[in-house]
Amino acid sequence: MSSPLPTITIAENLSQQTFKRHDSIPLKSEMLLHIERGAVRTVTWNEEGTVMTLGYWGTGDVVGQPLSNIQPYQVECITSVEVSYVPSYQRERVLTAICQHVQQAEELLSIIRQTNARDRLLQMLLWLARKFARPVERGRLIDLRLTHQEIAEFIGMTRVSVTRLLSQLEQEGIIDRPRRHFIVLLDRQSKFA
């Protein structure tokens, strides 16, 4: 999980804003977004309109167009989110988070390059558990309420394949899905998260 950065306050001329789940965060030219609270995903889409998830980011992470050469580029809220806009002249204040951004992007690339679909999904769940899970009675709850379609977009699979593989992982006792959009990585898998 990302280490929290020092809180940047409005008094330092940074604009803080709050957004709801499913909101698209407006990007400002040459400004980064420091995530104070919550989780977002960065996305792009191709000429046919197919959405491709570029990454998932949480508290303490930094995202924004200056960190990407991908066009189009959009930041969508997975949970309610509070962000601070960081102007270019203050980027050194978030340099650690920028370095973590690069490292995380490499981790995500290694996950989506897994050739076996089951391994790709399981590695994604383990990564999400390390970054976003909270302990529950039987394991670690990935507390993002992701749809099967959102998971599929992230790991380059079809929604049908994700649904089938999630059912398989549940039958194998690796995960539990107590409610719609909630995934618990059970204790035997949680120790690897």
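**Exercise 1. Find how helices H2 and H3 pack against each other, and which residues meet.**

Step 1. In this predicted model, helix H2 (residues 117–132) and helix H3 (residues 148–155) pack at about 105°, and their axes are 11 Å apart. Helices (H or I, at least four residues) and strands (E, at least two) are DSSP runs, numbered from the N terminus. Axes are lines fitted to C-alpha atoms, for helices over the stretch in contact, and angles run from 0 to 180 degrees between N-to-C directions.

Step 2. Angles under 35 degrees count as roughly parallel, over 145 as roughly antiparallel, 65 to 115 as roughly perpendicular and the rest as oblique. H2 and H3 are therefore roughly perpendicular to each other.

Step 3. From H2, Arg120, Leu121 and Met124 meet Ile151, Phe154 and Ile155 of H3, where contact means heavy atoms within 4.5 Å.

Residues are numbered from 1 along each chain as its sequence is written. Local features need pLDDT of at least 70, side-chain atom pairs count only at pLDDT 80 or more, totals for chains, interfaces and linings use all residues, and side-chain values use heavy atoms, with hydrogens and water left out.

**Exercise 2. Describe the salt bridge between glutamate 76 and arginine 41.**

Step 1. A salt bridge is a side-chain nitrogen of Lys or Arg within 4 Å of a carboxyl oxygen of Asp or Glu. For glutamate 76 and arginine 41, the closest N and O atoms are 3.0 Å apart.

Step 2. Glutamate 76 is in strand S7 (residues 74–77) and arginine 41 in strand S4 (residues 39–45), so that the pair links distant parts of the chain, 35 residues apart.

Step 3. Both glutamate 76 and arginine 41 are buried, meaning under 20% relative accessible area, with exposed over 50% and partly exposed in between (1.4 Å probe, protein chains only).

Step 4. A network of salt bridges links Arg41, Glu76 and Glu153.

**Exercise 3. Classify the ring pair of tyrosine 56 and phenylalanine 154.**

Step 1. Rings of Phe, Tyr and Trp (its six-membered ring) pair if their centres lie within 6.5 Å; planes under 30 degrees apart count as stacked, over 60 as edge-to-face and the rest as tilted. By this rule there are two aromatic pairs.

Step 2. The ring centres of tyrosine 56 and phenylalanine 154 are 4.9 Å apart and the planes stand at 80°, so the pair is edge-to-face.

Step 3. Tyrosine 56 belongs to strand S5 (residues 51–58) and phenylalanine 154 to helix H3, so the pair ties together parts 98 residues apart in sequence. Tyrosine 56 and phenylalanine 154 are both buried.
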